[in-house]
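Hi there,

Here is the structure I promised to pass on to you. Have a look at it first, and then read my notes below.

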Amino acid sequence: MKKGTTKLMALLLTGAMALTLAACGGTGEGQGASSESNAVQESGNASTGEAPAENPGGERQKITVAVYNRDNVPASEGSIIDNRWTRWIQENAPVDVEFIAIPRWESGEKYNALFASNTAPDLIEEFGVDNMNTFYTNGLLMPLNDVIDQYSTTYKQLLTDYPALESFLTKEDGQMYTFGVVNKSSSNHYLIVRTDWLENLDLEVPKTTEDFVEVCKAFTNDDPDGNGQNDTLALSYAGVMNSLIRAMYGGMGSWMDDWYKADPAGQSTEIKYHWEHAQAAIAMMEELYDAGCVSKDYATDTGTQAQQDFLNGKLGFLGLNGGKGAVLNILTNLKANNPDATIKAIPLPVSEFGAFQPAGGGYLQSNAAINADCEHPEAVMAYIDWLNTPETLLTLKYGGDTYSQIDPVTGAYVPKDQDVFSTEVAYNGDMYMTASGILDPYVDVLKFDESKPLEKTAKEIVIEADGYYLDPSRIFYQLKTKPSLPSDLALIQANIGTQIDDAYTKAILDENYTVEQAMADAQKIFSDAGGEKITEYLNEWYANNNGFIEPNAEMLPNYLK
Amino acid sequence: MNRGVKRRKWKRSFPLMILFLPVIAYYVVFKFLPMFGVIMAFQDYNIRKGFLESPFVGFKYFRLIFSTPAILRVIQNTLVLGITRFLIGIPFPILLALMLNEIKRERFKKLSQTCVYLPHFLAWTIVGGMVINLFSQDTGMINGITKFFTGETYPYLYSEGSWLAIYFGSGIWKETGFSAIIYLAALTGVDTELYDAASIDGASRIRQIIHVTIPAIMPTIIINMILSVGSSVNVGFDQIYVLTNATVNNISDVISTYVYRVGLEQMQFSLTSAMGLFQSVLGMTLVLLTNHLAKRADASLW
């Protein structure tokens with residue numbers, strides 16, 4: 001019997017392997033449509049030294065590389081791990097690359113499964129800082145300093161040109177465990193308002209949080225759309241709006257991030273949980289909720305319903321992320337439903353704690369790492385070096401001259417045919433996520449077609465928003481190094497985090513549960529679970545690590561250069 | 001001679017054996033081998049080192065479980081929700097089966113039977129979406145009705161009592177029809193002469209149900225109870241995950257959702273294995289206990 005089982009297993013395995021081999025065989029064929037596309041001429045901005053990755057000659061080493069699967073590859077193009085761009089990379093990269101698909105929204109789970117089964121890729125690509133920290137704490141990532149010193153060319157140059165990047169990436173033990181990128185600072189989270197509603201009610205753009213509350217009440221009660229019905233609300237707390245409201249009070253991301261923040265006014269460097277910020281934010285959220293200005297069902301919404309309500313003319317404010325592209329998308333859909341609607345992005349209302357900025361596209365980002373079990377780190381390094389050349393970046397991002405050309409008027413590098421570009425190029429964004437955005441000389445030029453009225457309006461909104469959201473006189477919090485907590489502290493944080501979140505939400509929704517009660521409960525949860533241990537750890541970490549980057553007014557203009 | 005018979009028997013059953021192999025392989029690979037993973041609960045499991053090299057830490061994680069209020073709360077929620085759902089869930093399939101059994105018109109019976117067990121085949125994501133739409137405060141139908149009568153809407157999904165009712169109610173709505181099938185099958189086995197005798201003695205329909213039908217299906221009821229008591233501490237992930245929200249989390253966060261959030265997303269494998277093991281031991285104890293009680297009623301499973 002036992003023997004039979006073994007045989008059967010052997011048979012099954014052989015079958016599976018045959019299939020795998022067949023699948024691999026397919027990748028070699030087919031012509032990479034853009035393999036002949038030449039690199040675009042230099043425009044002087046690419047400051048990194050020209051050191052095209054060398055082909056070591058002879059046999060190419062083979063590496064496996066992660067790529068996010070967002071289910072956005074058109075059927076005609078194949079799959080995310082086998083398409084014209086993976087083939088182009090296989091033909092042009094200095095090493096032999098095999099891609100491994102990582103589902104974008106379950107990346108943590110997928111990586112854990114891959115690590116557990118010893119099949120994680122050599123090059124790990126992951127945006128999630130917390131996930132990367134978990135891999136690091138578990139010893140799954142390779143220290144990179146030696147690898148970079150010995151083998152790197154263009155990436156090493158990048159570290160020399162932007163010393164902030166190295167200190168940003170360096171961990172407690174003086175080693176870098178992740179690769180990073182340097183991007184142009186860009187706006188990402190937008191606070192969008194219906195300007196036609198403001199005009200109808202003769203209201204100003206809210207400057208302070210008190211104004212914001214007033215405008216919200218007016219949007220709810222004073223029939224801003226003038227249809228004679230009481231059918232409008234101000235906002236929903238689902239999705240990005242939650243982050244925006246917290247940002248007004250100097251908090252970012254999840255509620256737990258209040259912890260990491262030093263004194264927002266820059267007076268003290270002590271790290272602690274800023275209860276008073278959270279309390280002010282919750283109090284305002286409760287006031288608006290009780291005044292009936294907020295979608296009642298926001299707690300069961302992930303943000304989709306909020307966006308839909310905004311597009312249907314039910315809401316006056318919307319929290320939007322995704323930067324430029326999302327603005328055009330929202331504008332197009334809103335105008336389709338209601339041609340008279342007008343919108344713009346406004347700076348975050350100023351609270352008693354100061355004027356803050358919403359989350360932006362990071363200037364520095366850490367998003368790739370080498371698997372500790374990787375046998376050829378030098379091959380992975382060669383691949384990273386090759387990615388960080390303008391030629392590679394421009395070909396992957398714009399499809400090279402095959403798909404794009406320089407617009408004589410705007411100077412932007414634009415698709416020759418937008419439809420073809422959308423189908424054949426646009427899906428490959430995650431393949432070059434570890435190439436620094438500053439290597440792209442065209443990155444500043446907005447890709448809007450001004451001959452179309454909607455795109456012209458969208459461009460105006462974005463330019464105005466960039467003016468607000470990148471204004472260095474306001475306080476930024478999105479750029480900061482977060483240490484990885486040891487796993488026992490990470491557990492405390494996970495336990496506290498959800499409970500405190502729940503108490504806050506309950507304070508907003510439940511009439512019989514006051515903000516003061518919620519704050520008292522939250523603080524009790526915090527101290528009972530040992531939250532002070534984390535505070536101590538963080539303070540010690542920041543005291544011993546000068547690599548802690550906190551942006552301030554002096555640093556920002558440099559980011560924007 | 002004897003050998004000849006044996007060989008013939010072997011030869012005859014050989015194809016069946018081959019058919020049986022995948023089933024054995026399934027049990028070995030997916031049920032028995034993973035049991036060794038329990039060892040993680042007693043180790044500081046590191047994904048790189050694996051089972052063989054991760055250091056043993058004894059009962060460290062079990063001590064951690066019983067000293068962390070947040071985790072104890074999760075275990076408490078699991079027990080309360082699981083056992084309540086189990087107790088509430090017992091009578092409904094039986095009642096439904098009895099009701100269906102009393103329907104005399106064959107076509108109507110078939111039709112209603114199909115209708116009531118259909119929800120079983122819907123995924124929780126779908127049912128959850130329906131439930132949330134139905135009870136939502138802005139647009140939900142139930143709140144439309146509530147508003148018509150009381151003038152105000154009620155946060156059904158955001159207050160603990162009504163959320164529990166929705167949680168148990170949706171579970172019953174989805175699964176009752178399907179669970180009733182086993183009782184219906186038991187009912188067809190009841191000797192019709194018993195009913196005839198009872199009606200000659202002047203027993204009404206209700207009396208017949210109480211004194212003939214229920215005693216006849218009692219063994220089935222008890223076996224069913226023993227089988228499901230074990231899984232009562234194993235509150236399923238999907239239903240909670242789709243129905244929960246931040247206001248009711250402190251009663252709805254159960255072991256399965258906690259394991260998903262903390263174990264998978266934060267790599268706390270040892271801790272969550274320890275929780276899983278604890279949950280299984282509890283389930284096993286409950287099964288043994290119920291079986292012991294049932295033995296007294298002469299209806300035990302083994």
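Among contacts in chain A between residues at least 6 apart in sequence, what percentage join residues at least 24 apart? The figure is 76%. Please keep in mind as you read on that this is a predicted model, and that the values here were computed from it.

Let's start with chain A as a whole. Chain A has 561 residues, and 53% of them are buried. You can trace 22 helices and twelve strands along chain A. The accessible surface of chain A is about 23700 Å², and carbon and sulfur atoms account for 50% of that surface.

Next, the domains. Chain A splits into two parts, each built from two stretches of sequence: domain 1 covers 47-183 + 364-439, while domain 2 covers 190-355 + 455-481. Taken over C-alpha atoms, the centres of domain 1 of chain A and domain 2 of chain A are 34 Å apart.

Helix 8 of chain B gives the most, with three residues. By residue type, the lining of the second largest pocket has eight nonpolar, 14 polar and eleven charged residues.

Enjoy looking around!

Best wishes

Conventions:
Residues are numbered from 1 along each chain as its sequence is written. Chains are lettered from A and ligands numbered from 1 in the order in which they are written. This is a predicted model: local features need pLDDT of at least 70, side-chain atom pairs count only at pLDDT 80 or more; totals for chains, interfaces and linings use all residues. Side-chain values use heavy atoms; hydrogens and water are left out. Domain bounds come from an automatic or database domain assignment. Helices (H or I, at least four residues) and strands (E, at least two) are DSSP runs, numbered from the N terminus. Buried means under 20% relative accessible area, exposed over 50%, partly exposed in between (1.4 Å probe, protein chains only). Contact means heavy atoms within 4.5 Å. Accessible areas come from the Shrake-Rupley method with a 1.4 Å probe; for residues, only the protein chains shown count as cover. Ala, Val, Leu, Ile, Met, Phe, Trp, Tyr, Cys and Pro count as nonpolar, Asp, Glu, Lys and Arg as charged, and the others, Gly among them, as polar.
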